[in-house]
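Biologist: I would like to learn how to read a fold from its coordinates, beginning with the general idea behind each feature and then turning to the case at hand. Could we take it step by step?

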Amino acid sequence: MTGNTQDFPGKAPPDGGALPFIYPPTAANIQFFSDALLRRELVAIPTETVYGLAANALDASAAGSIFEIKGRPLVDPLILHLHRPEAAVQLAFLPEPFFRLAEAFWPGPLTLILRKKPLVPDIITAGKETVALRIPAHPVTQSLLECVGCPLAAPSANPFGYVSPTTAKHVADSFGSRLPYILDGGACRIGLESTILDLSKPGQESILRPGAVPAEALAKVFGHPVPYHEKRAPCARPATAPGMFSRHYSPRTTLQLVKEAGSLKTESDTARIFLKAPETGQRNSPHHYWLSERGDPLEMAQSLFSLLRRIDQAGYGRIVCEVPPAGETGILRAVRDRLLRAASV
């Protein structure tokens with residue numbers, strides 16, 4: 001399923017046409033999707049990180065539809081997407097660091113965990129007393145948020161546990177006709193989910209998930225290092241934040257992580273992924289892939305999920321992928337985190 005392009009939603013598909021349609025971000029489409037969200041419908045939206053599956057975050061029934069279509073367990077909370085920092089006042093109790101962090105990193109790929117207020121439905125937070133908030137930096141979704149006038153719950157627009165989508169086509173491939181509304185914003189600029197920072201306990205700030213906002217940048221705001229919380233949750237009990245389960249972001253093909261992919265014997269049923277382009281001789285194999293030509297960390301992040309999806313559809317029996325070493329900083333830490341969870345059994 002590749003999806004079709006439709007200039008304006010709300011019309012019946014052309015004769016012989018197939019759902020889903022992928023809609024361009026025109027002003028008319030944004031208004032239509034805003035109305036659809038207020039009618040409790042779901043809309044796939046672009047962000048700078050990955051594509052999200054959006055619903056009205058203040059409507060428990062609408063939010064419930066997200067869990068149903070994704071097959072997402074109710075113990076996995078959702079991130080709320082806002083248009084302006086001021087909207088957070090109604091949703092959460094805001095500690096002093098909130099304002100400095102919002103000024104430094106919003107809009108952008110930073111999610112903050114805060115103590116929630118009663119306005120937030122319990123289904124959003126998995127019944128916990130904390131809520132996850134962020135402001136996405138994608139202009140299309142910023143326009144949609146401004147138009148709809150309410151926060152949007154928007155986890156990744158893919159079946160639960162599968163590789164996150166970074167293009168509108170990925171969303172269409174995952175859901176087909178079950179999700180007729182996909183708003184196109186091009187390929188995601190970052191390609192990995194947001195950094196999650198827990199502010200719910202004063203003086204005990206910690207990073208729950210690494211992302212494009214690195215620990216070093218957060219340390220500058222706080223004036224001291226911010227620790228990582230490395231614990232991974234089982235699916236049996238509520239998680240503090242999204243993306244905390246041991247197995248996540250996983251292709252259907254078995255994924256094995258190695259330090260050096262070039263040292264392994266080439267096998268026709270095995271796809272081999274290098275972090276950067278291998279030596280000339282190894283480039284010639286049709287079973288060899290790489291995340292970045294020059295070994296650029298941002299390119300690695302941008303291409304990781306897209307490449308995993310591409311290889312997953314190629315019919316290999318196994319994927320072998322190099323993993324950044326422990327101790328990496330910046331976005332390479334996020335790449336390592338996603339690969340470790342994707343390969344977990």
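Biologist: How many helices and strands does the chain have?

Modeller: A word on the source comes before the answer: this is a predicted model, in which local features need pLDDT of at least 70 and side-chain atom pairs count only at pLDDT 80 or more, while totals for chains, interfaces and linings use all residues. Residues are numbered from 1 along each chain as its sequence is written, and side-chain values use heavy atoms, with hydrogens and water left out. Helices (H or I, at least four residues) and strands (E, at least two) are DSSP runs numbered from the N terminus, and the chain has nine helices and 16 strands.

Biologist: What radius of gyration does the chain have, and what would a compact globule have?

Modeller: The radius is taken over C-alpha atoms, and the globule rule is 2.2 Å times the number of residues to the power 0.38. For 345 residues a compact globule would have a value near 20 Å, and the chain agrees, with 20 Å. The C-alpha trace spans about 60 × 60 × 35 Å along its principal axes.

Biologist: Which residues of the largest nonpolar core touch the most other members?

Modeller: In soluble globular proteins, nonpolar side chains tend to be buried together. A nonpolar core is a set of buried Ala, Val, Leu, Ile, Met, Phe, Trp, Tyr and Cys residues joined through side-chain atoms within 4.5 Å, where buried means under 20% relative accessible area, exposed over 50% and partly exposed in between, with a 1.4 Å probe and protein chains only. Here the largest core has 49 residues, and Leu101, Leu133 and Leu197 touch the most other members. Elements that each supply at least two residues include β4 (52-56), α3 (96-105) and β8 (130-134), and the largest share, five residues, comes from α2. Leaving aside residues up to four places away in sequence, Leu101 touches residues including Trp106, Leu197 and Phe222. Apart from this core lies another, of 30 residues, among them Ala271 and Val323.

Biologist: Are Tyr181 and Met244 buried or exposed?

Modeller: Tyr181, which lies in strand β10 (residues 181-183), counts as buried because its relative accessibility is 13%. Met244, whose place is in the loop between α6 and β13 (254-258), is also buried, with a relative accessible area of 5%.

Biologist: What separates the C-alpha atoms of Met244 and Arg209?

Modeller: These two residues are 35 residues apart along the chain, and their C-alpha atoms are separated by 7.4 Å. For Tyr181 and Arg252, 71 residues apart along the chain, the C-alpha separation is 25 Å.

How values were computed
Contact = heavy atoms within 4.5 Å.
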